[in-house]
Amino acid sequence: MCPPSSPHTVNQPSGRPESAGSGDSPSATDTEALATRAASGDSAALDALLRAIRPDVVRHCGRFLLFREDAEEAAQDVLLQVSRHIERFQGRSRFSTWLHTIVANCSRQKYRELKRRSAEQPVLPDQPGAPETRPDPRTTSVIAGSRVDLLEALERLEQESPHLVAPLVYRDLCQMDYAEIVDRLGIPLGTVKSRLHHARRQIRPWLSSQEP
């Protein structure tokens, strides 16, 4: 679960980090360098890192939660997670790979929160004398625009075949390279591709299913 608080402020407007040049946003190399410095305890580098990655984090969260406000809430959780746990990044893999895992976890956690919040809304009758109905999460504003079918399919896949979830999330939602996925999961490329194939095949019928 994403942490509720952080000693660093992360809701600053995106801007140029201290290490960036005078006109361009930081390159991937600059971001990796900032992450390494931040992980070693450099608070200025951490502040610059959070500002640098915020636009991309919002965009990546938007692959899970298409409603802008939901994606921004999830992005805030991601930045809080990075701020609190940057020391866990030890440079054995790319920072972007480490970050993708946090994005995926926080985005899916946000979806679960939104779904629970929708379910907890008071049940109101459509009109006097009509039977009571619960708001459909597909049209409820708190969750409108989310990839409801795919996220529901991921929840079901996690229950039935949990080992297939990560390859599917990393490849199809986070759009990670196969090399990054191999590095993150620590399994051979052939295994990654096999699990991805089985995951896609398993969820395909669920995406068009009308089951509750």
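The points below go through a predicted model, from its overall make-up to a few local contacts.

1. Overall make-up. The protein has 212 residues, of which 41% count as buried. Its secondary structure comes to 8 helices and 2 strands, and, read from the N terminus on, the elements follow the order α-α-α-α-β-β-α-α-α-α. Among the contacts between residues at least 6 apart in sequence, 65% join residues that are at least 24 apart.

2. Helices H1 and H2. A pair of packed helices is described by the angle between the axes and by the distance between them. For helix H1 (residues 28-39) and helix H2 (residues 43-61) the angle is about 145° and the axes are 8 Å apart, while the crossing of H1 with H2 is left-handed. On the H1 side the contact involves Thr31, Leu34, Ala35, Arg37 and Ala38, and these meet Ala45, Leu46, Ala48, Leu49 and Ile53 of H2. Sorted by kind, the residues of this contact are 8 nonpolar, 1 polar and 1 charged.

3. Arg68 belongs to helix H3, which covers residues 68-85. Is Arg68 buried or exposed? With a relative accessibility of 52%, Arg68 counts as exposed, because the cut-off for that word is over 50%. Arg68 and Val58 are 10 residues apart in sequence, and their C-alpha atoms are 8.6 Å apart in space.

4. The aromatic pairs. The structure holds 3 aromatic pairs. In one of them, the ring centres of Phe89 and Trp98 are 5.8 Å apart and the planes stand at 45°, so this pair is tilted; the reason is that planes under 30 degrees apart would count as stacked and planes over 60 as edge-to-face, with the rest called tilted. Phe95 and Trp98 also form a tilted pair, with 5.8 Å from centre to centre and 40° between the planes. Phe95 and Trp98 are 3 residues apart in helix H4 (residues 95-119), which means that about one helical turn separates them.

5. Phe89, Phe95 and Trp98 form one aromatic cluster.

6. Helices H6 and H7. The axes of helix H6 (residues 165-173) and helix H7 (residues 178-185) come within 10 Å and cross at roughly 145°, and the crossing of H6 and H7 is right-handed. From H6, the contact is made by Ala166, Pro167, Tyr170 and Arg171, and from H7 by Tyr178, Ile181, Arg184 and Leu185. The residues of the contact of H6 with H7 divide into 6 nonpolar and 2 charged, with no polar residue.

7. Charges over a ring. Which residues lie over the face of Tyr178? Arg171 does so, at 4.0 Å from the ring centre, and Lys193 also lies over the face of this ring, at 5.1 Å from its centre.

Technical notes:
Residues numbered from 1 in each chain as written. Predicted model: local features only at pLDDT ≥ 70, side-chain atom pairs only at ≥ 80, totals over all residues. Heavy atoms only, no water. Phe/Tyr/Trp six-rings, centres within 6.5 Å; stacked < 30°, edge-to-face > 60°. Helix = DSSP H or I, 4+ residues; strand = E, 2+ residues; numbered from the N terminus. Lys NZ or Arg CZ within 6 Å of the ring centre and 35° of its normal. Axes fitted to C-alpha atoms, helices over the stretch in contact; angles between N-to-C directions. Left-handed = near helix turned anticlockwise from the far one by under 90°. Contact = heavy atoms within 4.5 Å. Nonpolar A, V, L, I, M, F, W, Y, C, P; charged D, E, K, R; others polar. Buried < 20%, exposed > 50% of the residue type's maximum accessible area, 1.4 Å probe, protein only.
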